[in-house]
Amino acid sequence: MQKTPKKLFLLCALALSTPVISTSVIGATSFANDDVITDKSRKRTIPINITLPSNSAKCTEQVKCSVAFINAGFGISHNEYTFASNVFNQRGYLTIAVAHELKSDPDLNREQPYLTTRMENWHRGVVTFKFLVNELASKYPTYDFTKLALFGHSNGGDISSLYGSIYPNEVSTIITLDHRRMLIPRNKNIRVLTLRGSDYPADANVLLNDSELDKFPVTQIMIEKSRHNDMYDGGPKWLVDRMSKEVGAFLDSKN
């Protein structure tokens, strides 16, 4: 279980150890809907949606407010997780919804082992994260980009988990909706909530066993009768309400 993931984390950490030096085109200091930041070093446009917290007036450079990245499942718009953005915004988080998949990107690899074959996709997402953190921290000086909350559905949860594994000192919280391929970070300093759909199992070792759950701050909740592909704004109302409730309760319990 441990040997392969450790090797992959090491390879990714080495690949990402060089600082990302990029320039960007930013239209305004406040974003809405489908605005774009361009990472010129990769010739990559990154659609994003930034929403301010309801108490944004209280955020200062002396007392910074928190930041959460929202990461969509493969094939779903980054703007289809407003229920999650709302939960974070109500609790003082700046939220940044990121479109990780562009039309020019390769298709998501369908061959196993996914922990190897999809690493290129997740690695690209991690580089995008790092670019956005570096770029937006100076644009939003009243928000704390050093202890991130990462939220992701499916493949977006895989990207979030990889980022937390490579940059554990930059992440305080990870919340995933039924991600199934990338191992949850086993780190005592990262709180994790993963809400599990009931129609597909996770790959081996993605989730924690009972012994590990006693050691790490990870909460794993199975939602009965929930479907993997319904865990976004377009899912049934009862499921969206349940996910909102679980995410809110988890964030409220941090103290």
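Is Arg42 buried, exposed or partly exposed? In this predicted model, Arg42 counts as partly exposed, at 27% relative accessibility, and its partner in a salt bridge is Asp39, with the closest N and O atoms 2.9 Å apart. Asp39, by contrast, is buried, with a relative accessible area of 0%.

**Salt bridges**

| Pair | N to O distance |
|---|---|
| Asp39 and Arg42 | 2.9 Å |
| Asp178 and Arg196 | 3.4 Å |
| Arg186 and Glu212 | 3.2 Å |

The side chains of Asp178 and Arg196 meet in a salt bridge; because Asp178 lies in the loop between strand 6 (171-177) and strand 7 (191-196), while Arg196 belongs to strand 7, this pair ties together parts that are 18 residues apart in sequence. Asp178 counts as buried, at 0% relative accessibility, and Arg196 likewise counts as buried, at 5%.

The loop between strand 6 and strand 7 also holds Arg186, whose partner Glu212 lies in helix 6 (residues 210-213), so that this pair ties together parts that are 26 residues apart in sequence. Here Arg186 is partly exposed, with a relative accessible area of 21%, and Glu212 counts as buried, at 12% relative accessibility; the cut-off for buried is under 20% relative accessible area.

Beyond these pairs, a network of salt bridges links Arg44, Glu101, Asp105, Glu120 and Arg124.

Conventions: Residues numbered from 1 in each chain as written. Predicted model: local features only at pLDDT ≥ 70, side-chain atom pairs only at ≥ 80, totals over all residues. Heavy atoms only, no water. Salt bridge = Lys/Arg side-chain N within 4 Å of Asp/Glu carboxyl O. Buried < 20%, exposed > 50% of the residue type's maximum accessible area, 1.4 Å probe, protein only. Helix = DSSP H or I, 4+ residues; strand = E, 2+ residues; numbered from the N terminus.
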